[in-house]
Amino acid sequence: MSTPAPEDRKDSMVESAAGESEATAAAKRGPSVATRERRQGSINPSGETPYLVVEDLAVQFPTADGLVSAVNGLSYSVPLGRTLAIVGESGSGKSVSSMAVMGLHDRKRTRITGSIRLGGDEIVGLPENELMKIRGDAVAMVFQDPQSSLHPLYTVGNQITEAYRVHHKVSKDVAKKRALEMLDLVGIPNPQRRFSQYPHEFSGGMRQRAMIAMGLVNDPKLVIADEPTTALDVTVQAQILDLLNNLQKEFGSAIVLITHDLGVVAEMADDVLVMYAGRCVEYGTAEDVLANPRMPYTWGLLESIPTVSAANERLRPIKGLPPSLLNLPDGCSFNPRCPYKDRVKGERCTTELPELLPVDGAGAHTARCHLHDKATIYAAEVAPRLS
Amino acid sequence: MLYFVARRMVSALSVVLVTLIATFALFFVAPTDPAGAICGERNCTQQRYNEIKANLHLDRPKVQQFAEYTAGIFTGRDFTTSGVTQHCAAPCLGFSFKNDRPVTEMLKSRLPVTVSLVAGYAVLVLTIGVFVGSMAAKRRGTLGDRGLMTSTLVVSSVPYYIVALMVALYLTILYPILPRGEWHPPSENIGKWFAGLLTPWLVLGIYSCTSYARYSRGSMVETLSEDYIRTARAKGLSDRVVTYKHALRSGLIPVITIFGLDVATSLGGAIFTEKIFGLPGLGVLVLDSLNSYDLPVIMGTVLVASVILVAMNFLVDISYSLIDPRVRLT
């Protein structure tokens, strides 16, 4: 679980070279989707050796109505010290995929296939008692709503020391010292007093700080932050994001940030992965995805951000609703809502699932769209609306 | 906290006062005939009837009777019948002429039986009942869960007195696997006390465990889906710690409410258990008094039961605040 061996790095280079050469071939009729995506997974847009590698991950829930495919063929990777933002609407599979990374899904009701590797070690299929050792230690999670995510009946100090003592055999006093240190580190004033207070005695922002202190108490290599600022005031949001940024610099951990707020993405992310209906539809560095998006769904997300300068205009939502995961549309999952599908010749959008391909024929920025002239359409039609 | 206790005391006292008035009205103002009841049916001459009435002050205005009764609770009072004066020491809840004893004394001799019975019952439902419920909740939807819940449903759909009678008949008399129910004061012989109560405890406890298993399962299923349970699991805590430390503490809160009322009701007399297992508790006392129309005893028991109920509610509120720091006792 320590730093990945140098071979891993070499491997990913080889694979990325292979990926590039195949990219041209794929333009005609590429290899199967699964193979392509497996290759994509180990390439990080930064080219660095990743700590977390997710490859061809699928999460399915068998229900009475049929099999719900919450996540399909998802591949991504995050190196230490880097932040990946996973963006998408509710139900796009962004939380479900990270729950799988934590091994927090209900084992009896979830089917997980594919590969999730932490520092080279496979965790898909690990038994519960092995996963328990990883949870909270190598991987920690910061949850969305600190009000409901902290136990209301235990003091904040109690909850943090408990998290530390699960993974460290130390006395209560040592754990308390560590907890006080963490409370101080996340900027909670007067840690000594706060230690013995209950969550309901904390403000929203302070509670999320406590949550972060609890998550980071074991110095995890990977932090999954599931909409960490959604339940907070706008002013407090910025503070929490700053805190996460600073802590990442200090601890050097990898962060997976799940959000639907593109403002948060712009502030935090190094890489961005856009999810729609359980699939990755665009993946690349934050710069690429935010400045040169190449997928109509990403355009729609960007266009739906309210701006102060356009305060008098109506918001431009993406029309329609996300599809039911029980019954995905044929072809591109986004096609029923896509305003650009008429520009694709024939019926490809409604019959053929687009592959996740490099947007400029090669490189790490990939998108899943049949449109040929994505760059031109974006520059001519979408970009002017965004400014 | 102090303010809370004081406030609750006031409301508790008013509840007891209302009960006092209501029971008094029920037995002495309603068209009942206490003197006739004491006098009996056979040798009751008009003269004797009037004498009893005068001795018991039943010929005085109702309000005065009530005042005397209430004053007796605090100071004690004397009863004179047929020239013999009986002293009834405070707290005097009346005098049973049928038994020729003060009601308080009778209750005092019966209360330990019922308290012993209910204490064992409380231990069983809070341990086995809650544990079975939590286990079922943890394994929700599995065969084990369904099996447990079906069996609790089956057990609790047979009337309690039938279960108790069957156990008493088959397991203590025909095939004496379990000791027979008997009452021995614990001060005399603690072993005999335990043996005599074992069967009633098991029958009452296990029968009630079925409903407690259902309450706690429901409450735990809800708690286990809380966000903070997910957080606890994300910390790397084992399933056992998550269920029995994090979830159970919250899951217990609704169970305690039911438990408090349940214990209070049983303390007022677990009639079936006492009768079937031959335990001389409050329930049997009430039953006998009803049969013999011994009004002062019935009234005294009702009053004591209401005080117990109010006290248990008070204890439940206190235990809320101990479990949940968000509950401020004000």
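Residues 111–320 of chain B form a span that is 82% helix and 0% strand, with end C-alpha atoms 27 Å apart; here helices (H or I, at least four residues) and strands (E, at least two) are DSSP runs, numbered from the N terminus. The structure is a predicted model, in which local features need pLDDT of at least 70 and side-chain atom pairs count only at pLDDT 80 or more, whereas totals for chains, interfaces and linings use all residues. Residues are numbered from 1 along each chain as its sequence is written, while chains are lettered from A and ligands numbered from 1 in the order in which they are written.

In UniProt, an unreviewed entry gives residues 111–320 of chain B the annotation "domain: ABC transmembrane type-1". The UniProt positions follow the numbering used here, with shortened feature names, and such annotations may be inferred rather than shown by experiment. The unreviewed entry also lists residues 118–137, 158–178, 190–210, 252–273 and 293–316 of chain B under "transmembrane region". For one of these, residues 158–178 of chain B, the model has 71% helix and 0% strand, and the end C-alpha atoms lie 21 Å apart. For another, residues 293–316 of chain B, the values are 92% helix and 0% strand, with 35 Å between the end C-alpha atoms.

Chain B as a whole contains 13 helices and four strands, and its C-alpha atoms fill a box of roughly 85 × 55 × 35 Å along the principal axes. Of its 330 residues, 34% count as buried, a residue being buried if 20 or more other C-beta atoms, placed from the backbone, lie within 10 Å of its own, exposed if 12 or fewer do, and partly exposed in between. Of the contacts in chain B with a separation of 6 or more, 63% involve residues 24 or more positions apart, where a contact requires C-beta atoms, placed from the backbone, within 7 Å.

Two helix pairs of chain B illustrate how its elements meet. The axes of helix 1 (residues 2–29) and helix 13 of chain B come within 10 Å and cross at roughly 160°, the axes being lines fitted to C-alpha atoms over the stretch in contact, with angles running from 0 to 180 degrees between N-to-C directions. Helix 1 of chain B is therefore roughly antiparallel to helix 13 of chain B, since angles over 145 degrees count as roughly antiparallel, under 35 as roughly parallel, 65 to 115 as roughly perpendicular and the rest as oblique. In the contact between these two helices, residues including B:R8, B:A12 and B:V16 in helix 1 of chain B meet residues including B:L295, B:M299 and B:D317 in helix 13 of chain B. By class, this contact of helix 1 with helix 13 of chain B has twelve nonpolar, three polar and two charged residues; Ala, Val, Leu, Ile, Met, Phe, Trp, Tyr, Cys and Pro count as nonpolar, Asp, Glu, Lys and Arg as charged, and the others, Gly among them, as polar.

Within helix 13 (residues 295–323) of chain B lies B:A305, which counts as partly exposed because it has 18 C-beta neighbours inside 10 Å. The contact is made by residues including B:L148 and B:M149 of helix 6 of chain B and B:Y207 and B:R217 of helix 8 of chain B, and by class it has five nonpolar, four polar and two charged residues.

Chain A comprises 15 helices and twelve strands, and 48% of its 387 residues count as buried. Among its contacts between residues at least 6 apart in sequence, 66% join residues at least 24 apart. Helix 13 (residues 296–303) of chain A is largely enclosed by the rest of the structure, because six of its eight residues are buried. These buried residues are A:P296, A:Y297, A:T298, A:W299, A:G300 and A:L301, and what covers them includes strand 3 (83–87), helix 11 (262–268) and helix 15 (374–386) of chain A. By contrast, A:G320, in the loop between helix 13 and helix 14 (348–351) of chain A, is exposed, with 10 other C-beta atoms within 10 Å. Not counting residues up to four places away in sequence, A:G320 touches A:P336 and A:R337.

The contact between the chains takes 19 residues from chain B and 22 residues from chain A. On the side of chain B that touches chain A, helix 9 (227–234) and helix 10 (239–267) of chain B are the elements that give two or more residues, and the largest share, seven residues, comes from helix 9 of chain B. The residues of this side of chain B divide into six nonpolar, five polar and eight charged.
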